[in-house]
Each structure stands twice: as C-alpha cells, then as structure tokens.
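Please keep the viewer at hand as we go from rings to charges, strands and surface.

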Amino acid sequence: MAGQGRARGALSVLRHHAGHSGFRLSHSHGAVMMFCIHPTHLEPQDRARITRLKIKPLSLQTLPDIESRIKQAEAISLKLWRRTIDRIDHIQSASAGFKGNLMSVGLTARAADQIATILAGADILLYNHPPEDADSWQERMQTAQPLIQDWQWDEEENEGQQCLTKLYSSPITPYGREEKTIATMILEGLDSQSGNFARDALKQIGILIKDYHSSQPYLLIANNHEGLSRVFKSSKWEGGGWITALRYLDEVKSAPLPVRFSGVLSRATIIPTPLLPQKGE
C-alpha cells in the first residue's frame with residue numbers, strides 16, 4: 001500500500017501485533033510504503049489517501065528459480081536507483097502527463113496524484129522517454145485500470161452514500177407486522193393511493209415522505225429521533241452522526257424549519273428525489 005501524507009521529523013516504525021498501531025508519523029511532506037498480509041477494511045477517508053497494490057503470487061514454475069531471481073534483483077537494484085536519479089525529468093514529465101489524463105476520466109486531483117506517481121515510477125523502469133502521443137498515454141495507463149475503477153467507485157461510495165445505504169437496508173417491523181427494509185417501506189409510501197400505512201410507519205422512526213403525490217418526492221430525515229438512533233445503533237453514525245454523513249451527498253441540505261414526526265418536533269435533513277430508492281434495483 002502506498003500512502004500520501006504529512007509528517008514532521010522522523011518516521012517511527014513499530015512491529016505490528018493485534019490491537020496496536022503499526023507506525024507513527026509526525027508532520028512533513030512525504031510518502032509511506034506499507035506491507036501487510038491481511039489488509040484491514042479502509043474507510044473512505046483512508047482510501048482517499050492510501051493506494052493498495054496487490055502482489056501476484058509466484059507460480060509453481062518460478063519457485064525453483066526464486067533464489068537466482070532474488071540475486072538478480074540485488075545486482076540491479078542500485079542501477080535502478082541511479083536510473084531514477086539520472087532521469088528525474090522523465091519522472092516529472094510522466095507524472096504530470098498521467099495526472100492530466102487521469103483527471104480527464106473523472107478522477108479527483110488527489111486520486112490522480114497517487115496513481116500518476118505509481119505509473120511514472122513504472123514508466124522510468126520500462127521506457128526511455130515519456131509517452132509522446134495520446135494513444136501512448138492511454139496504452140501505458142492500461143495497467144492502472146483496476147486502480148482507476150476502484151477510485152471511481154470510491155468517489156461514488158463516499159461516507160454519505162454508505163450512511164444512506166445503511167439507512168435504506170436496515171429492517172424494521174412496522175407495528176409488529178412483517179419485517180421490511182426501510183427502502184421497501186419508502187417505495188410503498190411513494191404510492192399516493194395505497195401508501196398511507198408505510199408513510200405512517202416511517203414517521204414513527206423519524207422519516208417523513210413529502211410530495212409523494214408528485215413527480216418530485218423527497219424525504220425529511222429527523223436529526224434527533226429515537227427511531228433513527230435505534231437504526232444506527234452500534235454503527236459509526238450513531239449518536240446523530242447520520243446528519244453530518246448524509247450531508248456529504250450532493251443536494252442534501254438542512255430543512256429551513258423544524259418538522260413534526262408523528263408529533264415529535266425535530267430539525268431535519270432533506271434527501272432529494274434522485275437519492276430515493278428506485279424500483280427494480
């Protein structure tokens with residue numbers, strides 16, 4: 001895994017064991033390389049700063065020759081370092097070019113910086129000069145397609161989307177009846193003719209469907225409600241944390257006035273039409 005960060009002073013390296021951190025950083029610009037056998041789950045804010053690279057396992061055909069391969073790597077390692085220093089202009093040019101191309105396919109500047117640095121490092125070892133035309137840039141970027149796709153997914157699956165998914169996929173048992181997910185209840189509540197039961201049940205847990213009879217329905221999510229506290233209990237959004245998380249989503253905003261949820265008055269967050277559950281998905 002490669003990470004970008006800020007550090008000051010020296011890097012302290014610690015041996016990792018269960019329940020303890022593996023390294024500490026102070027504050028100066030720098031890059032960190034970490035190795036692990038069983039990587040842990042990364043939250044969106046960590047994935048935005050750490051690029052994971054997976055080493056392919058050795059094939060059975062290469063195992064007998066592994067010692068000679070290690071000796072060969074040792075023999076040329078200093079030459080590779082020297083090549084990198086001598087051709088720093090290549091790295092700078094390739095890094096800038098890859099970053100521009102990556103941003104053109106929708107990656108953020110941070111994501112493009114990380115992947116471009118990795119591509120430029122590979123480029124200096126495989127080629128004698130940076131790409132010279134658009135086709136060459138695209139061809140050399142092909143090896144990074146899995147990373148690009150992961151980043152594009154992470155951009156979509158941000159903190160707000162994860163929180164909304166948790167909300168929609170959580171089960172409830174309205175008035176002791178059949179257990180259903182909140183998403184299912186919302187879809188039922190959007191039916192202006194037969195959705196009264198679902199709309200009333202959702203209000204009991206702090207969710208109000210507005211304009212369900214129109215083409216632009218939206219939700220009001222209570223900022224302080226015991227029903228939602230139960231939904232998010234033991235998650236990282238408990239204790240009202242869902243408010244901040246949901247507002248990472250585009251067009252999500254605070255309702256201008258307090259709202260009543262079955263008699264309970266609370267400030268609320270507006271979830272617009274495009275973010276509502278969709279039928280058939």
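## Aromatic rings

Rings of Phe, Tyr and Trp (for Trp, the six-membered ring) pair if their centres lie within 6.5 Å; planes under 30 degrees apart count as stacked, over 60 as edge-to-face and the rest as tilted. Two notes on the source come before the tour. This is a predicted model, in which local features need pLDDT of at least 70 and side-chain atom pairs count only at pLDDT 80 or more, while totals for chains, interfaces and linings use all residues. Residues are numbered from 1 along each chain as its sequence is written, and side-chain values use heavy atoms, with hydrogens and water left out.

A search of the whole structure finds four aromatic pairs. In one of them, the ring centres of Phe232 and Trp237 are 6.4 Å apart and the planes stand at 80 degrees, so this pair is edge-to-face. Phe232 and Trp237 are both buried, where buried means under 20% relative accessible area, exposed over 50% and partly exposed in between (1.4 Å probe, protein chains only). Phe232 also pairs with Trp242, this time stacked, with 5.2 Å from centre to centre and 15 degrees between the planes. That pair links distant parts of the chain: Phe232 is in the loop between α10 (226-231) and α11, and Trp242 is in helix α11, 10 residues apart. Helices (H or I, at least four residues) and strands (E, at least two) are DSSP runs, numbered from the N terminus. Trp242 is buried, as is Phe232. Which residues do the ring pairs link into a cluster? They are Phe232, Trp237 and Trp242.

## Charges over rings

Two arginines are worth a look next. The charged end of Arg140 sits over the ring of Tyr127, 3.6 Å from the ring centre. For Arg199, the ring below the charged end is that of Tyr212, and the distance to its centre is 3.6 Å. A charge sits over a ring if NZ of Lys or CZ of Arg is within 6 Å of the ring centre and within 35 degrees of the ring normal.

## Salt bridges

How many salt bridges does a search of the whole structure find? The search finds six, a salt bridge being a side-chain nitrogen of Lys or Arg within 4 Å of a carboxyl oxygen of Asp or Glu. One of them joins Arg82 to Asp86, with the closest N and O atoms 2.9 Å apart. Both residues lie in helix α2, four residues apart, about one turn of the helix. Arg82 and Asp86 are both exposed.

Lys203 and Asp200 meet through their side chains in another salt bridge, at 3.5 Å from N to O. These two are three residues apart in helix α9 (residues 196-204), so about one helical turn separates them. Lys203 is partly exposed, at 24% relative accessibility, and Asp200 is partly exposed at 35%. Lys180 and Glu188 also form a salt bridge, at 2.7 Å from N to O. Here Lys180 is partly exposed at 23%, and Glu188 is partly exposed at 29%.

## An open sheet

Now turn to the strands. Four of them form an open sheet in the order β8-β9-β13-β10, with antiparallel pairing. β8 and β10 stand at the edges with a single partner strand each, so one side of each has no neighbour in the sheet. Two strands pair if DSSP finds at least two bridges between them; β8 and β9 pair in the antiparallel sense over four bridges. Within this pairing, Ile209 stands opposite Leu219 in β9.

The loop between β8 (207-210) and β9 (218-222) holds Asp211. Phi of Asp211 is near 55 degrees, a positive value in a residue other than glycine, and Asp211 is partly exposed at 33% relative accessible area. Glu251, in the loop between α11 (241-246) and β10 (253-254), has a positive phi of about 70 degrees although it is not a glycine. Glu251 is exposed, at 60% relative accessible area.

## Helix α6

Asp150 lies in helix α6 (residues 145-156) and is partly exposed at 46% relative accessibility. Asp150 and Arg47 are 103 residues apart in sequence, yet 9.5 Å apart in space, C-alpha to C-alpha.
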